[in-house]
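Hi there,

Here is the structure I promised to pass on. Have a look at it first, and my notes follow below.

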Amino acid sequence: MTDDSAATGRAAAPAQDATRLFADHRELLFSVVYNMLGSVADTEDVLQETWLAWSGRNSRAPLAEIGNPRAYLVRVAVNRALARQAAVASRRETYLGPWLPEPLVADAATGPAPDTADDHAVRAESVSLAMLVVLETLTPLERAVFVLHEVFGYPHTEIAGMLDRSPASVRQLSHRARSHVRARRPRYRAHPRVRREATERFVAAALGGDIAALMEILAPDVTVWIDSGGTGDAAGLRPVHGRERAARMMAGYATRRTGDLAVRHRRVNGDDAAVLFSGDSPYAVMVMDLSPDGDQVSGVYIVTNSDKLAHVRPDETDASRRPDEEPDEDG
């Protein structure tokens, strides 16, 4: 090997190590940033900025000088996400109708197989769509602290270093965020089978226009959010509160709908949900929030904005059926 070849090899090795380390942590970085922003496109942009900062840092100094690459990458990603919050908030101020986080739809009912145990642990930290809606009411710093501490388990002292804040101020932010979230989001989680059964009952009633069935499954204080990006019916431009109004609205949509829809049951942000397809094109994602006893639907989140469904694809292994077909004994 010539001297030039040897030098090239030595230069390539650190670049390869940097790429490998970033790839190893990409799943974690995506989860943290997505939970802060609620947008896949913005998350991907932040990850690109993080990669550029990471690769630039390693081109200027040896990789060995970074004692904890994971902590370094999370710190860069979190601060890039905070810097993007102003632009994200500005876009949402001009958004037509309710804004909902972009749903993360698994490829099949059980989700993709994790590549490693670490990947599985990260994917298990899914924040539900309903929780993400609550997190939208926090300040950017409160949300960052809540996500890092409550979802990913980072200690306050480590978060303080990431945000260049004192541990005392981070603890205060954490306390405010936790109190705010608990006041709006009781701490319970319905059994997966209960969620699946409630989802199937609601979807069948909603797509069938069955007002009586909707009145039975909807909680009296139910709220329905429809994120269409302003392209849908004017009735969906504001959240609809109350069982009677929600049932009438859903039944009205069913009577006006043209064409058949296939219902595929997927996991959306970690919860059982329904994805509706018109042919091979995604039509809507429907996520239900249940009352504490799991008997009724207390919140309905429907995303029909095609921009937010662009990454959703049909999967031939999904269990799918027409809404008028009965579920089998196993749900």
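Let me start inside a helix: valine 32 sits in helix H1 (residues 3–37), where helices (H or I, at least four residues) and strands (E, at least two) are DSSP runs numbered from the N terminus. With a relative accessibility of 2%, valine 32 counts as buried; buried means under 20% relative accessible area, exposed over 50% and partly exposed in between, using a 1.4 Å probe and protein chains only. Leaving out residues up to four places away in sequence, valine 32 touches Val78, Val147, Leu148 and Phe152, a contact being heavy atoms within 4.5 Å.

A word on conventions. This is a predicted model, so local features need pLDDT of at least 70 and side-chain atom pairs count only at pLDDT 80 or more, while totals for chains, interfaces and linings use all residues. Residues are numbered from 1 along each chain as its sequence is written, and side-chain values use heavy atoms, with hydrogens and water left out.

For the overall picture, the protein has 11 helices and 7 strands. Of its 331 residues, 46% are buried. Among contacts between residues at least 6 apart in sequence, 69% join residues at least 24 apart.

Next, the helix packing. Helix H6 (residues 140–151) and helix H7 (residues 156–163) pack at about 135 degrees with their axes 10 Å apart. Axes here are lines fitted to C-alpha atoms, for helices over the stretch in contact, and angles run from 0 to 180 degrees between N-to-C directions. That angle makes H6 oblique to H7, given that under 35 degrees counts as roughly parallel, over 145 as roughly antiparallel, 65 to 115 as roughly perpendicular and the rest as oblique. On the H6 side the contact is made by Leu141, Val145, Leu148 and His149, and on the H7 side by His156, Ile159, Met162 and Leu163. By class, this contact of H6 with H7 has 6 nonpolar, 2 polar and no charged residues (Ala, Val, Leu, Ile, Met, Phe, Trp, Tyr, Cys and Pro count as nonpolar, Asp, Glu, Lys and Arg as charged, and the others, Gly among them, as polar).

H6 also packs against H8, at an angle of about 90 degrees and with the axes 8 Å apart. That makes H6 roughly perpendicular to H8. The contact of H6 with H8 has 7 nonpolar, 2 polar and 4 charged residues.

Which residues does serine 174 contact, leaving aside neighbours within four places in sequence? They are Val145, His149, Glu150 and His156. Serine 174 belongs to helix H8 (residues 167–184) and counts as buried at 2% relative accessibility.

Finally, the aromatics: the whole structure holds 4 aromatic pairs. Rings of Phe, Tyr and Trp (its six-membered ring) pair if their centres lie within 6.5 Å; planes under 30 degrees apart count as stacked, over 60 as edge-to-face and the rest as tilted. Phenylalanine 30 and tyrosine 34 are stacked, because their ring centres are 6.1 Å apart and their planes at 5 degrees. Both phenylalanine 30 and tyrosine 34 are buried. Tryptophan 225 and tyrosine 301 are stacked as well, at 4.8 Å centre to centre and 5 degrees between the planes.

Best wishes
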